[in-house]
Amino acid sequence: VRKYKKVRKYIDEDNQISARELLSEMSDSGAVNLYENAYLNLAKFIYELKYGDQLKQIKYLNMALSYERYAKDNRSVKYLPAENILSLRRKLFQLQLDMQYYAEAVEIFHIFESVDDRVAIDAFGETYRKIRDYQMNDSAYSISSELDSNGSWGIELFKDEFYIDVIGGKLEELKLRCTGKYVFFAYKVDAQYKLPKSWGECYLQVLGVEGSQFNLVQL
């Protein structure tokens, strides 16, 4: 927590070099428990919020909040400051909307409902209803992304039909982790996939060469 506060101080002072060096030191040391892991990822999120991109913001904020999934008050918070939980969760919802991570946004809205976060429900209720309608119609939408340093990228699928257009690089494999099925297969150019309803909700992982760029089109 002391190091987390120091990172925040560096960021507030716009001292990016010192903040990056301390974050690197924290990452190299590693988190020895869930408490440290929560603060390490919160520090990384705050750094990316100032200097990075939205994909990394989503990644680290998701990880920081993963142990506070349904926390709504001081009695249910495990690691992070209670006063920050609701605002951080609302921020995650907004980031997911911005990046068109609609399935994840729907899941967060259900958490708003489960913890009775009336501020978020009132603020985002109409948006939630619109994206649920969007899920059921025939409109297609595209998400542009690229594989990370591990040659991987993933997303919760919002619709049951999709295809992938490669812009640059090479994709090698697709993995689908569904509530009712787990499958993996080689990526094929121009292939379009329709998922059976019986598979349930699915997480798509795309694997290939680091930095490969592509569009995921869901319809």
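**Strands and their partners**

Modeller: Strands β3 and β8 pair antiparallel, with six bridges between them. Here two strands pair if DSSP finds at least two bridges between them, and the elements are DSSP runs numbered from the N terminus, namely helices (H or I, at least four residues) and strands (E, at least two). The model is a predicted one, so that local features need pLDDT of at least 70 and side-chain atom pairs count only at pLDDT 80 or more, whereas totals for chains, interfaces and linings use all residues. Residues are numbered from 1 along each chain as its sequence is written, and side-chain values use heavy atoms, with hydrogens and water left out.

Biologist: In β8, which residue is the bridge partner of Gly-168?

Modeller: Gly-168 has Gln-213 of β8 as its bridge partner. In general, strands of a sheet pair through backbone hydrogen bonds, either parallel or antiparallel. On the β6 side, strand β3 (residues 161-168) is again antiparallel to its neighbour, over three bridges, with Phe-162 opposite Tyr-193 in β6.

Biologist: What is the order of strands in the open sheet that begins with β1?

Modeller: The order is β1-β8-β3-β6, an open sheet of four strands with antiparallel pairing. Its edges are β1 (141-146) and β6 (192-194), each of which pairs on one side only. From one strand to the next, the twist averages 25°, where axes are lines fitted to C-alpha atoms (for helices over the stretch in contact) and angles run from 0 to 180 degrees between N-to-C directions.

Biologist: How many bridges join β1 to β8?

Modeller: There are six, and the two strands run antiparallel. Within this pair, Ser-144 has Asn-215 as its bridge partner in β8. The side chains of Asn-215 and Ser-144 are also joined by a polar contact of 2.5 Å; a polar contact is a pair of N or O atoms within 3.5 Å, where within protein one must be able to donate a hydrogen and the other to accept it, and residues adjacent in sequence count only if both atoms are side-chain atoms.

Biologist: What else does Asn-215 touch, not counting residues up to four places away in sequence?

Modeller: Asn-215, which lies in strand β8 (residues 213-218), touches residues including Ser-142, Tyr-163, Asp-165 and Ile-167, a contact being heavy atoms within 4.5 Å.

Biologist: How is the open sheet that begins with β2 read?

Modeller: This open sheet of four strands has the order β2-β7-β4-β5, with antiparallel pairing. The edge strands are β2 (152-156) and β5, each pairing on one side only, and the twist from one strand to the next averages 15°. Strand β4 (residues 171-178) and strand β5 (residues 182-186) are antiparallel, joined by five bridges, and they form a hairpin with three residues between them. In β5, Phe-184 is the bridge partner of Lys-175, and Ala-186 is that of Glu-173.

Biologist: Turning to helices, what describes two packed helices?

Modeller: They are described by the angle between their axes and the distance between the axes. For α3 and helix α4 (residues 54-65), the angle is about 155° and the axes are 8 Å apart. That makes α3 roughly antiparallel to α4; angles under 35 degrees count as roughly parallel, over 145 as roughly antiparallel, 65 to 115 as roughly perpendicular and the rest as oblique. The contact includes Phe-45 and Leu-49 of α3 and Tyr-60 and Leu-61 of α4. Its residues divide into eight nonpolar, two polar and three charged, where Ala, Val, Leu, Ile, Met, Phe, Trp, Tyr, Cys and Pro count as nonpolar, Asp, Glu, Lys and Arg as charged, and the others, Gly among them, as polar.

Biologist: At what angle do the axes of α3 and α5 cross?

Modeller: The axes of helix α3 (residues 34-51) and helix α5 (residues 82-98) cross at roughly 50° and come within 14 Å, and therefore α3 and α5 are oblique to each other. Leu-42, Phe-45 and Leu-49 of α3 meet Leu-88, Lys-91 and Leu-95 of α5, a contact with five nonpolar, no polar and one charged residues.

Biologist: How do α2 and α3 lie relative to each other, parallel or antiparallel?

Modeller: The axes of helix α2 (residues 16-29) and α3 cross at roughly 150° and come within 11 Å, and the two are therefore roughly antiparallel. Among the residues that meet are Leu-23 and Met-26 in α2 and Tyr-47 and Tyr-51 in α3.
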